[in-house]
Amino acid sequence: MFVDVVTANQTPSEPDPEGVFIFNIVQWTPVKYLGYSYPLWAHAFGWFTALSSMLCIPGYMIWLWRNTPGDKANKIRLIVRIEDSVAQLRERMQADQEKAMEL
């Protein structure tokens, strides 16, 4: 299901975010505070608010992939590639820095 890949910013001892999320869903128990058990609608609202921010990035990725024309290689080239060359980006950054220094 998920590939366990250690990224440059992640050490092998750190847990995978996907694993933590799935473990949280599997081991979920209703929240109780001082003997009060919260209603199901409160739990649903909490999950909704949590997932509303977590699902934005994968949702946008799926939308962008489906709305980009071309085959798989062309889609990757269009989505990942930047428009400007490195020289143009350097010139733009230098111009922005000079404008910032003038202010």
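Modeller: The protein chain holds five helices and two strands, where helices (H or I, at least four residues) and strands (E, at least two) are DSSP runs numbered from the N terminus, and the order from that end is α-β-β-α-α-α-α. This is a predicted model, in which local features need pLDDT of at least 70 and side-chain atom pairs count only at pLDDT 80 or more, while totals for chains, interfaces and linings use all residues. Residues are numbered from 1 along each chain as its sequence is written, and side-chain values use heavy atoms, with hydrogens and water left out.

Rings of Phe, Tyr and Trp (its six-membered ring) pair if their centres lie within 6.5 Å, and planes under 30 degrees apart count as stacked, over 60 as edge-to-face and the rest as tilted; by this rule there are two aromatic pairs. In one of them, the ring centres of Tyr36 and Tyr38 are 5.0 Å apart and the planes stand at 85 degrees, so this pair is edge-to-face. The ring centres of Tyr60 and Trp63 are 5.8 Å apart with planes at 25 degrees, so that pair is stacked, and both residues belong to helix H3 (residues 56-67), where they sit three residues apart, about one turn of the helix.

As for accessibility, buried means under 20% relative accessible area, exposed over 50%, and partly exposed in between (1.4 Å probe, protein chains only). Tyr36 is partly exposed at 46%, as is Tyr38 at 36%; Tyr60 is partly exposed at 48%, and Trp63 is partly exposed at 49%. Of the 103 residues of the protein chain, 4% count as buried.
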